[in-house]
Amino acid sequence: MDIELLTNDKNIIFIYVIFVGVVQDFSSLFSVDPFSVSCFAGAVGGAFGWGGMELSVVPLHNHPEYMMDCCRLINEEWKRSDTARLHSLQNSCDKLPTSLILLQGKNLIGHLKLSVIPSIKEACFVESVVIATSLRGKGYGTIFMRNAEEYCKKLNLSAIYLSTKGQEQFYSKLGYTECPPISIYGSYIPKSIAPQNVCNKQKDDTVKHVPPPPPLPISTTLKTKKTFMVKQLSSSATVTKI
Ligand SMILES: CC(C)(COP(=O)(O)OP(=O)(O)OC[C@H]1O[C@@H](n2cnc3c(N)ncnc32)[C@H](O)[C@@H]1OP(=O)(O)O)[C@@H](O)C(=O)NCCC(=O)NCCS
């Protein structure tokens with residue numbers, strides 16, 4: 001059974017503690033969510049103010065008991081009706097969209113949502129990233145994002161996109177770089193009939209009768225002054241087992 005602490009570039013130390021078959025019963029504690037990543041803060045965590053509490057990242061839909069807490073956490077940051085928020089959170093599933101939550105012991109302290117990008121099948125869009133107000137600036141956001149990236153790799157996704165207004169520095173420290181705006185709306189248009197290809201092939205008789213794709217939906221995201229960022233997920237593990 002693996003228990004991990006993670007490290008960011010500065011001073012947060014993630015340590016993987018590996019129990020190989022020694023405490024078999026213990027592993028059942030972590031087998032509920034195949035993608036859950038548990039971070040045992042222990043003594044090291046205590047040194048960084050984590051209070052020695054175990055951190056874990058789990059999909060919300062596997063822990064519906066946190067639905068209301070999660071709704072409150074997000075709505076404290078971005079006001080919306082509980083009904084609308086709960087409706088959105090209840091869509092979380094093993095495929096995208098997925099709401100991941102960060103737990104410290106039994107307390108929910110963070111949320112983020114991974115969504116489909118219709119035009120980029122191999123990537124996802126992370127949004128509604130939030131850490132409980134009183135716990136910000138302690139490295140939890142970094143831990144959470146890194147574990148979310150590991151989760152995405154397990155879904156065979158190769159990149160994560162996001163948009164932000166004001167948190168560029170936080171994301172750039174995590175390796176995200178600015179990119180052109182993307183739309184997270186609309187349905188998937190296969191590359192073979194994507195607009196640019198259709199234009200290029202107009203003169204080709206073989207594709208003359210291919211109907212033009214529907215107009216791309218108007219994206220409110222594209223109208224905003226938000227900064228779009230992307231991170232390519234490397235195949236190498238970012239979390240080192242020791
Ligand atoms: C953005 C957020 C998730 C970051 O979580 P966090 O736990 O506070 O972040 P960390 O403590 O891991 O910070 C990591 C680094 O980013 C920096 N950072 C975090 N937020 C920052 C900000 N708003 N501006 C500049 N730097 C920031 C930290 O100083 C830290 O840098 P350091 O390693 O040099 O000390 C959290 O502040 C939050 O919930 N904010 C409100 C909601 C929000 O704006 N979400 C983002 C939507 S795009």
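In this predicted model, the shell around the ligand draws at least two residues from each of strand E7 (123-131), helix H5 (140-154) and helix H6 (168-173). The ligand is surrounded by 18 residues, of which the closest are Arg-136, Gly-141, Thr-142, Thr-164 and Gln-169. Sorted by class, the shell holds 5 nonpolar, 8 polar and 5 charged residues.

**Overall make-up**

- The secondary structure of the protein amounts to 8 helices and 10 strands, and 28% of its 242 residues count as buried.
- When contacts between residues at least 6 apart in sequence are considered, 63% of them join residues that are at least 24 apart.

**The pair of helices H3 and H4**

- Helix H3 (residues 67-77) and helix H4 (residues 82-89) have axes that come within 10 Å of each other and cross at roughly 120°.
- Because angles of 65 to 115 degrees count as roughly perpendicular and only those over 145 as roughly antiparallel, H3 and H4 are classed as oblique to each other.
- The crossing of these two helices, H3 and H4, is right-handed.
- On the H3 side the contact is made by Met-67, Cys-70, Cys-71, Ile-74 and Asn-75, while on the H4 side Asp-82, Arg-85, Leu-86 and Leu-89 take part.
- Divided by class, the residues in the contact of H3 with H4 comprise 6 nonpolar, 1 polar and 2 charged.

- The peptide bond that joins Leu-96 and Pro-97 is cis, with omega at about 5°, and Pro-97 itself belongs to the loop between H4 and strand E5 (98-104).
- Ser-128, a residue other than glycine, has a positive phi near 50°, and its place is in strand E7, one of the elements that supply at least two residues of the shell around the ligand.
- Ser-128 has 18 other C-beta atoms within 10 Å and is therefore partly exposed, since a residue is buried if that number is 20 or more and exposed if it is 12 or fewer.
- Asn-156 is likewise not a glycine and has a positive phi, in this case of about 65°, and it is found in the loop between H5 and strand E8 (159-164).
- Asn-156 counts as exposed because it has 8 C-beta neighbours inside 10 Å, and the limit for that class is 12 or fewer.

- Asn-156 and Ala-123 are 33 residues apart in sequence, and their C-alpha atoms are 8.8 Å apart in space.
- Ser-183, which lies in the loop between strand E9 (177-178) and helix H7 (195-200), is 64 residues from Ser-119 in sequence, with 7.9 Å between the two in space, C-alpha to C-alpha.
- Ser-183 has 17 C-beta neighbours inside 10 Å and so counts as partly exposed.

How values were computed
Residues are numbered from 1 along each chain as its sequence is written. This is a predicted model: local features need pLDDT of at least 70, side-chain atom pairs count only at pLDDT 80 or more; totals for chains, interfaces and linings use all residues. A residue is near a molecule or strand if its C-beta atom, placed from the backbone, lies within 6 Å of it. Helices (H or I, at least four residues) and strands (E, at least two) are DSSP runs, numbered from the N terminus. Ala, Val, Leu, Ile, Met, Phe, Trp, Tyr, Cys and Pro count as nonpolar, Asp, Glu, Lys and Arg as charged, and the others, Gly among them, as polar. Axes are lines fitted to C-alpha atoms, for helices over the stretch in contact, and angles run from 0 to 180 degrees between N-to-C directions. Angles under 35 degrees count as roughly parallel, over 145 as roughly antiparallel, 65 to 115 as roughly perpendicular and the rest as oblique. A crossing is left-handed if the near helix is turned anticlockwise from the far one by less than a right angle, and right-handed if clockwise. Two residues are in contact if their C-beta atoms, placed from the backbone, lie within 7 Å.
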